[in-house]
Structure formats: structure tokens, C-alpha cells
Amino acid sequence: MDQRCPRCRSRIERRAPFSTEMTLAWLIAGIVLYIPANLLPVMHTSGLLGEEDSTILGGILEFWRSGDWDIALLIFTASVAVPFTKFIAIGLLVFTVRKNSRWQQHQRTALYRIVEFIGYWSMLDVIVVALTAALMQFQVLGAAEPRAGIAFFCAVVVVTMLSALSFDPRLIWDRPA
Amino acid sequence: MSTAPDPPSEEDLPAPAVQNRRWIPRLVWVVPIAAAVIGISLLIRNWENQGPRVTISFLSGEGVQVGKTLVKYRDVAVGRVSAVRLSADHETVEVSADLSKDAASLLKADTQFWIVRPRIGVGSVSGLDTLLSGVYIGMKTGNATRRERQFVGLESPPALSHGPNGRELQLHAVRAGSLPIGAPVYFRQFQVGRVIDENLLPDGSTRVTVFIESPYDNFVKPVTRFWNASGIDVKLGADGLNVQTESLAAVIAGGLAFDDGPIEALFVAGGASGEFTLYKNESEAMAPPDGEPHYVRMRFTQALRGLEVGAPVEFVGVNIGSVVAVDLGYESHDRSFPVIVTAKLYPRRMGQAYEVLAAQGKTESVETLAAFVGTLVNRGLRAQPRSASLLTGKLYIALDFLPASPRAAFDPSIRPLELPTVNGTFQELEASVGQLVRKVNNLPLEQIAADLHTDLTDLHETLSEVHARVLPNAVDTLSALHSTLESADRTLDVESPLQRGLTETLSETRSTLQAVRELADYIDRHPDALLRGRRPQKMPERPAASTSDAKP
């Protein structure tokens with residue numbers, strides 16, 4: 001029954017075992033973590049003009065209102081649009097595979113490739129906060145500190161990447177038995 | 001594994017026993033569950049930490065920003081403004097603020113909120129940090145037990161936002177003067193407290209609430225007197241000019257001061273309950289307690305120009321009251337216009353005599369005073385206007401014993417008491433001054449001046465004669481005298497022939513006299529020599545005699 005690799009003794013499977021289940025589990029974990037990532041402040045800035053906790057959405061709104069629509073759009077894309085796209089895309093893939101759907105198999109494969117690719121670029125927010133917190137340390141004049149939200153956001157990115165990794169794209173092409 | 005060269009047909013194979021041992025990958029479900037647990041616990045914690053939301057209404061929301069403006073208690077942020085909106089009647093601004101959970105216990109019915117803005121006054125500078133950071137809402141908790149979520153904000157910060165220990169005192173005054181809230185309170189030039197509130201009472205008087213910080217509140221005793229320290233007290237007394245101020249800030253911005261009252265105040269209860277009287281100035285505050293004023297009326301038949309409301313009434317030189325009204329009366333029976341002076345007297349200022357009397361009487365009543373005044377009138381007490389200063393012409397009323405004055409009727413039942421009067425002496429003075437002036441007027445000044453002029457002319461002539469004649473002669477005489485003295489000087493000089501001759505003569509005379517003495521001695525020893533003459537062999541020569549004297 002067990003087929004093992006003669007060299008490394010690892011199990012040989014036709015398809016990645018429990019692929020859809022694990023993908024789904026990671027996906028749900030990502031969605032759950034995405035909620036505190038958006039509710040909790042990601043950064044705390046203090047300075048002469050007072051101190052402030054900023055959340056991701058609050059920061060986007062602030063940039064938008066102050067006229068920096070390009071930065072707002074960039075952050076929105078990186079921290080709202082991309083995660084949502086990933087949730088929807090992975091959810092769609094898992095759903096169709098479970099249904100053994102034969103709908104748009106080419107496009108779904110392409111979608112999987114895209115999801116896998118943009119996963120690497122989802123850490124934009126985390127990098128922004130890390131850079132700001134590292135650079136903005138002027139004691140009384142101004143200081144920025146990361147807050148819990150950014151850790152959740154980081155976890156969301158990691159978990160969704162794991163979710164995408166656990167998905168076996170070959171399942172898209174499988175025929176029902 | 002085992003590789004069979006001949007794979008058996010499917011039929012030969014035993015039915016596979018499905019062993020679902022590979023449950024480990026299912027452990028991945030722990031991740032979403034853990035995420036959910038963390039998320040839910042965070043939400044619960046957040047919900048638990050959610051403090052109360054309060055609504056504060058202000059007249060103006062200047063500088064208040066949603067999500068930025070903080071609510072601070074003791075300068076620590078305890079909340080943040082979450083909404084600002086107009087009230088339904090558009091009269092106030094309603095500011096909603098979310099407070100932290102631990103601040104919930106600070107919300108009493110009498111908790112106070114106010115907007116902290118920079119304030120720069122003479123006495124103090126506060127809230128400068130808000131210049132950069134924007135305004136914040138200050139908060140001071142109260143003592144009430146009832147909880148409240150709706151508040152009316154103060155328009156100006158309370159003087160004490162978070163109380164140090166101390167005592168709050170109420171001061172009553174007819175007029176508080178210029179006392180801003182926060183004005184300093186001094187005890188012997190030390191600032192020990194502040195004015196924290198001012199109210200206009202329904203009866204029109206003012207009530208000033210001051211806060212004395214601990215431990216200085218121990219200085220406040222029942223006998224303590226408070227007075228308004230704003231302004232400069234300049235006094236010209238017998239000991240010179242005396243300028244008294246509490247501090248420059250108090251002079252400009254107003255302030256209060258207190259100190260122990262006079263010793264007499266020890267005998268008067270009051271102030272124990274934290275209620276004090278605020279006096280106008282220090283001298284008024286330090287005056288012995290006056291008790292209740294009594295009003296008396298005096299009827300003068302002479303003009304009293306210079307008598308003003310507020311002029312002092314003195315009893316044997318002691319100020320015991322002041323004039324409160326000067327009115328013109330009319331006597332129908334002789335169609336005269338007497339001047340009716342009403343004065344208030346503080347009989348306590350009369351000192352021991354009155355107190356003894358008051359102690360005998362029941363209370364400090366008008367009857368007591370009437371009886372007391374009655375006895376004094378019988379002893380000759382009269383009211384008399386006197387001139388306080390010849391320069392200004394101001395008058396005061398003196399109550400003095402004038403036994404020589406005509407007997408006066410005193411009716412102790414009239415209210416207010418009517419004191420018998422005598423006319424002032426200042427008019428007599430005026431008359432005598434007038435007489436003096438008249439006498440001076442009558443002096444033959446012109447004639448005197450003319451005589452004096454003649455005399456002076458004569459004197460001038462005499463002097464010029466002296467100058468013209470007598471003086472040259474005098475100069476001649478003096479020069480002659482000078483040459484005489486010079487020759488005398490020359491004669492008496494040591495080198496002069498006269499001197500030398502005189503000296504020689506004198507030495508001659510001396511040797512002559514010596515010879516005479518020797519002769520006298522010789523004759524004394526040899527009286528016979530007068531008859532026989534000298535015996536030269538026995539009588540050695542004068543130099544030998546001196547050697548024979550040396551031999552023995």
C-alpha cells in the first residue's frame with residue numbers, strides 16, 4: 001500500500017494528501033486573523049503634536065483625505081485588495097475542486113499561479129511599519145512603534161501563503177472517479 | 001517494497017483494510033481554531049476594556065477634534081473624544097468621549113470637565129503645552145456618590161484641577177473688588193492659597209471661595225482676618241511714609257491676604273465654620289471688632305461746609321464711627337434750617353467703659369446704648385463739628401465732654417438717638433483770624449515805610465562821609481604807626497649798638513659788684529683793716545685763695 005521513495009523513504013502519493021482540507025483550514029485561519037489585523041492599531045506614533053494609534057484602514061483614509069491618493073491606493077491594494085483577492089481565489093479553488101467541477105480549468109490554474117505569485121508581495125504593510133518604526137525614533141520629537149495589529153497582519157500573509165502552498169493544483173484537472 | 005514480478009489480478013487481492021492512521025495532517029485545523037480563539041479573546045478583552053462614554057456639553061467646541069482630543073485626569077489621558085455635535089437646540093456643543101474603563105469610577109454627578117486652552121494672565125501662565133498639541137479636556141472628579149454620564153462643561157478651568165490637601169473657606173464681602181479666579185492668597189507675603197470661586201449672592205453681596213493649601217491652612221484660625229491685598233497702601237504717619245503691598249502680582253492682578261486678627265477678636269466668636277468676612281484693606285481688617293453699628297442723629301444750627309459723608313466721628317479723640325448723611329432740616333417754629341447729621345457709631349470702640357456697661361445691661365441693645373449715652377450727656381457729652389485740617393477745611397464730628405456747655409435735654413426714647421450739640425469753634429477761630437487780619441490792615445504801614453526810607457537815606461549819607469573823610473586819615477595814622485613800630489624793632493635788635501652797650505655795661509656792673517662783695521667779706525673778717533689797711537702777706541691773691549681752698 002505505502003509506496004515510498006527508495007532513496008529518501010518519503011511517502012509517495014498520487015495527490016497531496018488532505019490538500020483541500022489543509023488549504024481550507026489555513027484559509028479560515030487567515031480570514032479569522034484578518035479581522036483583528038484590521039481592528040487593532042498597527043502603529044503608534046507620538047510626537048510634539050500629540051500621539052496617535054493608526055489602523056490600516058484609518059491610515060488609508062488619512063492618506064486619501066490629505067490628497068495622497070496614490071499612496072492610499074497602494075496601501076489599499078497591498079493590505080485590503082490583495083488579501084481579499086486571495087481569500088476569494090483560494091476559496092473558489094477549494095470549492096470547485098471539492099465539487100469536482102470541470103469549469104474553466106485553465107483559468108483556475110492560472111488563478112492559482114497568480115495567487116501563489118502575489119503572496120510574496122503581500123508583506124508591504126509589514127515592511128512599511130518595520131521601516132517607519134526603525135527610522136522614526138527621535139524621542140520627544142517623534143517616535144513610532146509597531147502595535148499588535150501588524151503582527152496579525154503578518155500572520156494573515158503567512159497563513160494565506162501556507163494555504164496556497166497546501167493546495168494541489170493538479171486536483172483542478174482530476175476527473176471524478 | 002516487495003516487488004512482485006507477477007502482479008496478481010485484482011480479484012486475488014484481499015479487500016484493502018482502510019486504515020485511517022494519517023490523522024496528523026488534520027492537526028492543521030488547530031490553526032484556524034487557535035486564530036479564532038485569539039481573535040475572540042481579543043474582542044472580549046477589548047469589550048471589557050471599553051470604558052463608559054460620557055457626553056459633555058460646552059458652549060464652544062473650539063479646538064476639539066474627533067479622535068484626537070484627549071480627556072485628561074491629572075495630566076494623564078483617560079479618554080478620547082469620539083464625537084462632536086451640536087445640541088438639538090443649537091445652543092451648545094455636545095462632546096462625546098470614550099473613557100478608559102478605570103476612569104469609570106471618576107464619573108460622579110459633580111465631576112467637572114473643562115477645555116484646557118493656553119491661558120496667559122498676569123498672575124499665571126497655564127496650558128502652554130496645548131499651543132502645540134491642541135486643546136484637551138480636563139477632568140476633576142467629585143465627591144458625590146451618584147454616577148452620571150451627562151455633564152455640563154465648565155467654561156473656565158477650576159482653580160484647582162486636582163486638589164492638594166488644604167481647606168476651602170468662604171469669605172463674605174459687600175464688594176470683592178477685582179479678584180479673578182486663581183488670584184493669590186497671601187499669609188505674611190507668602191502665597192499659601194488661591195481664589196477658586198466667586199459668587200454673587202442673591203442679596204447682592206459677594207462670596208469668595210478660597211483654597212488654602214496644607215499645611216498653611218493651620219494659620220487660619222477663628223480670629224483670622226482676610227482682606228483685599230490688591231492695591232498699594234500708602235500711609236503717612238508720625239513715623240514717616242509707609243508703603244505696604246503684598247506682591248507686585250497682587251497689585252496688578254488682585255489678591256487676598258490674611259493674618260491673625262487683633263487680640264480683641266479673640267473674644268468674639270466667628271469664622272470657626274470656615275466663613276469669614278473679607279475686609280477692604282488691612283487696617284480695616286485689623287481694627288478691633290466693631291459689633292453692630294448704632295445710628296445717632298445730631299442737629300447743628302450752623303453751616304457745616306466741609307463735613308462730608310464718611311467724615312469720622314471721634315469720641316475723646318478716638319474714632320468711633322462715621323457720618324452717613326448730612327441733610328438740611330427745617331424748623332417750622334423759628335423758620336431756621338438746621339443741618340441734620342446722621343452718623344453710625346460703633347459703641348464697642350468706646351472701649352472698656354461701654355463693655356462694663358454692656359455687661360451690666362442685658363445685651364448689646366439700643367436701650368443699653370441709650371442709657372449709656374444718657375449718662376454721658378449728663379456729664380456734658382456734646383457733639384461738636386471741628387476742623388480736621390485748616391488747609392482742606394474738612395470737618396469732623398467730635399463727641400467730647402464740655403461741662404461748660406448749657407444743659408441739654410436728652411430723650412433716650414427717640415430712635416435714632418439724638419445727641420445734643422454745640423456749635424463748632426472753627427467759626428470763632430475764623431473770627432479771631434479775621435480780627436487779626438483787620439488789625440494788620442489797620443497798621444500805618446505806608447508811614448512806617450516812609451520813615452524807614454528817610455532813616456535809610458540818612459544812614460547812607462553818614463556812611464559816604466565816613467568813606468570820603470575819615471578813612472584817608474585813618475590810613476595815614478596807620479602808616480605812621482607802622483614806621484614807629486619798625487624803628488622800635490630796629491632799636492631792640494640784638495645787633496644794635498644800644499644792645500651791645502647795654503650788655504657791656506651790665507658785665508661791668510657785675511664785676512664791680514663782685515669787688516664790692518669781696519671788700520665786704522674782707523672787712524667782715526678783718527674789721528681792723530678799715531683802720532690799719534690791708535695786710536698783703538697774709539692775704540693771698542685771689543687765684544691763690546682758690547688753690548688754698550682746694551688743699552685742705
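Biologist: What makes B:Asp98 count as partly exposed?

Modeller: Its relative accessibility, which is 23% in this predicted model. Buried would need under 20% and exposed would need over 50%, so at 23% B:Asp98 counts as partly exposed.

Biologist: How do you know that B:Asp98 forms a salt bridge with B:Arg53?

Modeller: From the closest N and O atoms of B:Asp98 and B:Arg53, which are 2.8 Å apart. The rule asks for a Lys or Arg side-chain nitrogen within 4 Å of an Asp or Glu carboxyl oxygen, so an Arg and an Asp at 2.8 Å qualify as a salt bridge.

Biologist: What makes this a link between distant parts of the chain?

Modeller: B:Asp98 belongs to strand E4 (residues 93–100) of chain B, while B:Arg53 belongs to strand E1 (residues 50–58) of chain B, and the two are 45 residues apart. As for B:Arg53, its relative accessible area is 45%, so the label is partly exposed.

Biologist: Let's take another one. How do you know that B:Asp400 and B:Arg386 form a salt bridge?

Modeller: Their closest N and O atoms are 3.2 Å apart. The cut-off is within 4 Å, so the B:Asp400 and B:Arg386 pair passes.

Biologist: Why is B:Asp400 called buried?

Modeller: B:Asp400 has a relative accessible area of 17%. Buried means under 20%, so 17% gets the label. B:Arg386 has a value of 22%, so that residue is called partly exposed.

Biologist: And in chain A, what makes A:Glu116 and A:Arg113 a salt bridge?

Modeller: Here the closest N and O atoms are 3.7 Å apart. The limit is within 4 Å, so this pair counts too. Both A:Glu116 and A:Arg113 are in helix H4 of chain A, three residues apart, or about one turn of the helix. Each is partly exposed: A:Glu116 has a relative accessible area of 24%, and A:Arg113 has one of 45%.

Biologist: How many salt bridges does the rule give over all chains?

Modeller: The count comes to 15. There is also a network of salt bridges that links B:Arg188, B:Asp259 and B:Asp260.

Biologist: Which residues have the most contacts inside the largest nonpolar core?

Modeller: A:Phe153 and A:Phe167, in a core of 40 residues. H1 of chain B supplies at least two residues of this core, and so does each of the helices of chain A from helix H1 (19–39) to helix H6 (148–166). H3(A) gives the most, nine residues.

Biologist: What does A:Phe153 touch, not counting residues up to four places away in sequence?

Modeller: The partners include A:Tyr34, A:Ala37, A:Ile56, A:Ala78 and A:Val126. Apart from that core lies another of 29 residues, among them B:Met298, B:Phe315, B:Val323 and B:Ala343.

Biologist: How do the two chains look overall?

Modeller: Chain A has six helices and three strands, in the order α-β-β-α-α-α-α-β-α. Of the 177 residues of chain A, 40% count as buried. Chain B has eleven helices and 25 strands, and 30% of the 552 residues of chain B count as buried.

Notes
Residues numbered from 1 in each chain as written. Chains lettered and ligands numbered in written order. Predicted model: local features only at pLDDT ≥ 70, side-chain atom pairs only at ≥ 80, totals over all residues. Heavy atoms only, no water. Core = buried A, V, L, I, M, F, W, Y, C linked by side-chain atoms within 4.5 Å. Buried < 20%, exposed > 50% of the residue type's maximum accessible area, 1.4 Å probe, protein only. Helix = DSSP H or I, 4+ residues; strand = E, 2+ residues; numbered from the N terminus. Contact = heavy atoms within 4.5 Å.
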